[in-house]
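Subject: A structure for you to look through

Hi there,

Here is the structure I promised to pass on to you. Please open it beside this email, so that you can find each place as you read.

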Amino acid sequence: MAVRTPALETFPPLRAWQRKALVEYLRRRGEDFVAVATPGAGKTTFALRIAAELLADGSVEAVTVVAPTEHLKTQWADAAARVGIQLDAAFRNADLHSSADFHGAVVTYAQVGMAPQVHRRRTMTRRTLVILDEIHHAGDSRTWGDGVKAAFEPAVRRLMLTGTPFRSDDNPIPFVSYERGGDGLLRSRADSVYGYSDALRDGVVRPVLFLAYSGETRWRTNAGEELAARLGEPMTQDLVAQAWRTALDPAGDWMPQVLRAADARLTVLREAGMPDAGGLVIASDQQAARSYAKLIEQVTGERAAVVLSDDVGASARIATFAASEQRWLVAVRMVSEGVDIPRLAVGVYATSASTPLYFAQAIGRFVRARRPGETASVFLPSVPHLLGLASEMEVERDHVLGKPKDREGFDDDLLDRAQRDEQASGELEKRFAALSATAELDQVIFDGASFGTAAQAGTPEEEEYLGLPGLLTSEQVASLLAKRQADQLAAQRRRATERRAESAAPASAPAAPMSAAQRRVALRRQLNALVAAQHHRTGQPHGKIHAELRRLCGGPPSAQATIEQLEERIATVQTL
């Protein structure tokens, strides 16, 4: 007996972008369609509605979903079952064909790459819609890309989904169209685009506050030399990598202090209207993940859930955490893109991965909104490249082919080298060793702007930022951050005045010259005030004004900008 066709009337109402994209899809009726939508926007619901439409009108007889991970196979099958589409998440390559009890199957890219001919035969047997989830994974290797192309070329329809349509390499993505721009480079073309800034405006995703922590770090190099540096200060990439690694060391003070701050923020969110709010620590490796879980238990008194990889039992642990009110989850690198844990609202970015693609996927775990006013907070090291990525959350990117082979942003290979110990004969004492690290809140990044001045961990100044209300609109977040910064600077001025009075310095004595760090803070504050004034005059979002200043003046986001670049932007915004 054939499986029943899904009933369209049972589908949940579609969001505006989903309706618009669905109309565009049904109007075109082409073989291929690429939908780009920010994490949390509802790509799964959109794709399943298209599948139901095509099954209902007889355009297709079967559906195959290709997902990046084993866990997502189960998630896709469960979501499909809720709307009457039965997908076999347990299909194996050895099975050759799906049971008649299912409309189709969910498989992984790795599964297709191992036996593309099996999936090609399945695709040719029945008119098939293939949904390629997070399609950029099909460019990860020739095995995956070639396998996907060979397996699904015979499909009558292919729907490609992604929240991050860009890659750091030149591997073309199967079934994606590329168009040559004026600069001669090929760029991926999407048929429907729904970016983070669009979703934020519609209340579909949460505003994200990035709390960047700097601090003093000390370490011993492989050559036995002891070095010290302040995380976030300008230095060579090798030194940044080593200072970064030192900060993330579970045995130092940086991670416990940041975890304590993140847990305090989680408590604020739970008390302010998100009673089940959860936190996720993204670790670089299994050893660090276990150590971070122990630190969390010491800080909070509660055990953290640990997911080390997509091994047996990982899906069940993720599902258990998603349905519970447990405070913290620790994962190696990240819980994979597309994994749906809507209650995640606080993150600690404790990994060495720093490509734009990876960063966007990681932050995507925290942005899914459930009710108006929910915010997300992500704690991260004050590393220039990460600050830049945090400042550019709203930037939409394409996959570019033929780009010059300069690395985009931070060179991850330097971090890999920093993680490797040189096995010098007998000189074990000369291996890399993290000696100490302390944490302080450097700045808060929101909507492309930087707020705040340095605040030591555990001080009332830090608590002012950690205690921001949990339910806020984007406008309220920007307004409160500006007020916090103004209060912080006013308090600093009062303390400086009191110190001068106590030292009985002559009133005519010249003020001590500001350090470079103090000048940057003062200029960032002035720039933010001018951008806020421009926002009130024009109604343009703060982020767009900052982006326009960067276009006119050049240079990185304000969190990374030099004194000269900040001064130029201040002069420019005054002329707008």
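This is a predicted model: local features need pLDDT of at least 70, side-chain atom pairs count only at pLDDT 80 or more; totals for chains, interfaces and linings use all residues.

A residue is called buried here when its relative accessible area is under 20%.

Which strands pair with strand 10? Let us take them one at a time.

- Strand 16 (residues 376-381) runs parallel to strand 10, and six bridges link the two. To find this pairing on your screen, look for Phe210, whose bridge partner in strand 16 is Val378.
- Strand 19 (residues 440-446) pairs with strand 10 in the antiparallel sense, through five bridges. Here Leu211 has Val444 of strand 19 as its bridge partner.
- Strand 11 (residues 226-231) is also antiparallel to strand 10, with six bridges.

**Two pairs of helices**

Next, please find helix 9 (residues 254-271) and helix 10 (residues 286-300). Their axes come within 10 Å and cross at roughly 55 degrees. That angle makes helix 9 oblique to helix 10. The crossing of helix 9 and helix 10 is right-handed. On the helix 9 side, the contact is made by Met255, Pro256, Leu259, Arg260 and Asp263. Helix 10 brings Tyr292, Leu295, Ile296, Val299 and Thr300 to this contact. Sorted by class, the contact has seven nonpolar residues, one polar residue and two charged residues.

The second pair is helix 18 (residues 542-553) with helix 19 (residues 563-573). The axes of helix 18 and helix 19 come within 10 Å and cross at roughly 110 degrees. Helix 18 is therefore roughly perpendicular to helix 19. Leu549, Arg550, Leu552 and Cys553 of helix 18 meet Glu568, Arg569, Thr572 and Val573 of helix 19. By class, this contact has four nonpolar, one polar and three charged residues.

**Two residues with positive phi**

Finally, here are two loop residues to look up. Leu96 is not a glycine, yet its phi is positive, near 70 degrees. You will find Leu96 in the loop between strand 3 (87-88) and strand 4 (104-108).

Glu134 is another residue other than glycine with a positive phi, in this case near 50 degrees. Glu134 lies in the loop between strand 5 (128-132) and helix 6 (142-152).

Is each of these two residues buried, exposed or partly exposed? Leu96 has a relative accessible area of 39%, and so is partly exposed. Glu134 has a relative accessibility of 5%, so Glu134 counts as buried.

Enjoy exploring, and write back whenever you like.

Best wishes

Methods. Residues are numbered from 1 along each chain as its sequence is written. Side-chain values use heavy atoms; hydrogens and water are left out. Two strands pair if DSSP finds at least two bridges between them. Helices (H or I, at least four residues) and strands (E, at least two) are DSSP runs, numbered from the N terminus. Axes are lines fitted to C-alpha atoms, for helices over the stretch in contact, and angles run from 0 to 180 degrees between N-to-C directions. Angles under 35 degrees count as roughly parallel, over 145 as roughly antiparallel, 65 to 115 as roughly perpendicular and the rest as oblique. A crossing is left-handed if the near helix is turned anticlockwise from the far one by less than a right angle, and right-handed if clockwise. Contact means heavy atoms within 4.5 Å. Ala, Val, Leu, Ile, Met, Phe, Trp, Tyr, Cys and Pro count as nonpolar, Asp, Glu, Lys and Arg as charged, and the others, Gly among them, as polar. Buried means under 20% relative accessible area, exposed over 50%, partly exposed in between (1.4 Å probe, protein chains only).
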